[in-house]
Amino acid sequence: MSSKTSLYKKQNSFAGVRHQLPLKNILPRIQGLLDQLPSLDLSDHEKLVLNSACEELLGLKTPENGSPPFTLYTYNSEEIKRLTDAELPRYLFYRYRYETFPQRLQLDDFPPCLQIEPTSICNYRCLFCYQVDDEFTQKSNGMMGMMSLELFKNIIDQAEGNCEAVTLASRGEPLICADIDKMLAYTANKFLALKLNTNAWFLDEEKCHAILQAEVSTLVFSADAASEPTYSQLRVNGNLQRVAKNIQRFHDIKSKHYPQNRTITRVSGVKFPGADDLSQMEKFWGEWVDQVAFVNYNPWESTYDQPINDVTQPCSDLWRRMFVWWDGAINPCDSDFKSTMSVGNASVSRLNDLWRSESYMVLRQKHLSKQRSHCSPCNRCVVI
């Protein structure tokens with residue numbers, strides 16, 4: 001591979017996270033689950049996966065194929081802390097498949113993570129986002145829209161019991177969606193890893209209550225700076241003062257009206273050249289959120305314009321997550337934000353059928369056989 005090709009590892013793409021619990025705090029619970037596993041009312045498959053998860057976490061087992069053992073990160077400790085013992089098996093069953101199946105190139109019957117897009121519309125034009133592409137945002141090209149509540153409910157019904165990780169966000173700002181409050185209400189108590197990503201511009205009091213009543217597992221406020229003019233330069237059309245006020249309001253409502261709520265709040269920004277550092281971010285945002293983080297930058301906004309590269313490693317997202325756009329289109333990744341690789345539509349096909357469809361399998365096989373160069377825009381992408 002060319003020395004100039006810089007790979008972007010999708011797994012644990014955090015460049016840094018603050019406000020976390022140490023992993024050692026959860027190990028006694030992992031041991032307790034392992035001890036109780038034989039007596040739990042679970043399928044043989046679930047017990048097999050959970051046994052591997054617990055033993056690898058405790059250092060009792062090494063994967064036979066030489067791949068890295070299952071690992072939890074310090075931010076997972078915060079998630080586990082808020083789960084009951086009865087919920088822990090569900091969480092580890094999801095997390096093990098989410099982390100290890102893409103590494104070991106194992107395909108499950110249903111995607112470990114489902115990324116649902118309530119809308120592709122956004123009020124921002126961030127420097128590093130798809131929204132800066134005029135072809136994408138031009139309404140006449142048909143890529144802008146909002147998901148219907150009926151389609152959303154259909155997707156959630158299929159995901160419930162098959163998937164724990166559901167993220168409400170992708171190419172647009174989810175709080176713009178007209179039905180977002182109803183969508184949130186429909187997801188309540190159905191998933192242990194329900195995530196919502198928002199720029200917080202539209203985070204008014206009504207939406208604060210909707211999010212908290214749905215008990216979203218992780219609420220991510222997308223912000224890349226803790227000062228002006230840096231914030232507005234990166235988050236074009238944004239305003240730091242308004243966003244900070246909205247996030248503070250959420251914190252106050254949660255503290256006053258939902259003291260037992262389990263939602264984890266996180267300010268997460270893209271580690272972009274010229275942005276504030278993590279210490280500055282924590283100093284500014286830390287009082288109002290549980291975690292402050294940066295994710296590594298990848299040129300998502302211009303995948304199609306990047307030069308063809310010589311990357312041969314398979315993209316892990318082909319085994320980890322499936323994207324469902326606002327119109328039901330199913331896409332293997334969001335680097336292909338114009339849906340040139342769409343494998344079908346959720347309005348006419350079942351999600352599990354699409355996940356194992358011929359089009360998806362052909363794409364995976366090309367990646368496995370080191371033929372990314374035969375796939376576009378995979379041949380211009382550096383995500384692995």
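Leu105 is partly exposed, because its relative accessible area is 35%; buried means under 20% relative accessible area, exposed over 50%, and partly exposed in between, with a 1.4 Å probe and protein chains only. The residue belongs to the loop between α4 (88-104) and β2, where helices (H or I, at least four residues) and strands (E, at least two) are DSSP runs numbered from the N terminus. Phi of Leu105 is near 55 degrees, a positive value in a residue other than glycine.

Asn237 also has a positive phi without being glycine, here near 85 degrees. Its position is the loop between α9 and α10 (240-257), and a relative accessible area of 47% makes Asn237 partly exposed.

## Basis of the model

The model is predicted: local features need pLDDT of at least 70, and side-chain atom pairs count only at pLDDT 80 or more, whereas totals for chains, interfaces and linings use all residues. Residues are numbered from 1 along each chain as its sequence is written, and side-chain values use heavy atoms, with hydrogens and water left out.

## Overall architecture

The protein contains 14 helices and ten strands. Its C-alpha atoms fill a box of roughly 55 × 55 × 45 Å along the principal axes.

Of the 384 residues, 57% count as buried. Among contacts between residues at least 6 apart in sequence, 76% join residues at least 24 apart, contact meaning heavy atoms within 4.5 Å.

## Helices α1 and α2

Two packed helices are described by the angle between their axes and the distance between the axes. Helix α1 (residues 27-36) packs on helix α2 (residues 44-57) at an angle of about 140 degrees, with the axes 9 Å apart. Therefore α1 is oblique to α2. Axes are lines fitted to C-alpha atoms, for helices over the stretch in contact, and angles run from 0 to 180 degrees between N-to-C directions; under 35 degrees counts as roughly parallel, over 145 as roughly antiparallel, 65 to 115 as roughly perpendicular and the rest as oblique.

The crossing of α1 with α2 is left-handed; a crossing is left-handed if the near helix is turned anticlockwise from the far one by less than a right angle, and right-handed if clockwise. On α1 the contact is made by Leu27, Ile30, Leu33 and Leu34, and on α2 by Asn51, Cys54, Glu55 and Leu57. By class, this contact has six nonpolar, one polar and one charged residues. Ala, Val, Leu, Ile, Met, Phe, Trp, Tyr, Cys and Pro count as nonpolar, Asp, Glu, Lys and Arg as charged, and the others, Gly among them, as polar.

## Helix α6 and its surroundings

The axes of helix α6 (residues 149-159) and helix α7 (residues 180-187) come within 10 Å and cross at roughly 20 degrees. Therefore α6 is roughly parallel to α7. Leu149, Phe152, Lys153, Ile156 and Asp157 of α6 meet Lys182, Met183, Tyr186 and Thr187 of α7, and these residues divide into five nonpolar, one polar and three charged. The crossing of α6 with α7 is right-handed.

Buried residues of α6 are Leu149, Leu151, Phe152, Ile155, Ile156, Gln158 and Ala159. They pack against β2 (113-116), β3 (165-168), α7, β8 (321-324) and α13 (351-355). After α6 comes Gly161, with a positive phi near 85 degrees.

## Two buried leucines

Leu72 lies in the loop between α2 and α3 (74-81), and its relative accessible area of 3% makes it buried. Leaving aside residues up to four places away in sequence, Leu72 touches Leu23, Ile26, Leu57, Ile80, Leu92 and Arg95.

Leu278 is part of helix α11 (residues 278-285) and counts as buried at 13% relative accessibility. Leu278 and Val292, 14 residues apart in sequence, have a C-alpha to C-alpha distance of 7.6 Å.

## Cis peptide bonds

The peptide bond from Glu228 to Pro229 is cis, with omega near 10 degrees. Pro229 is in the loop between β5 (218-222) and α9 (230-234). Ser376 and Pro377 are likewise joined by a cis peptide bond, with omega about 10 degrees, and Pro377 is in the segment after α14 (358-368).
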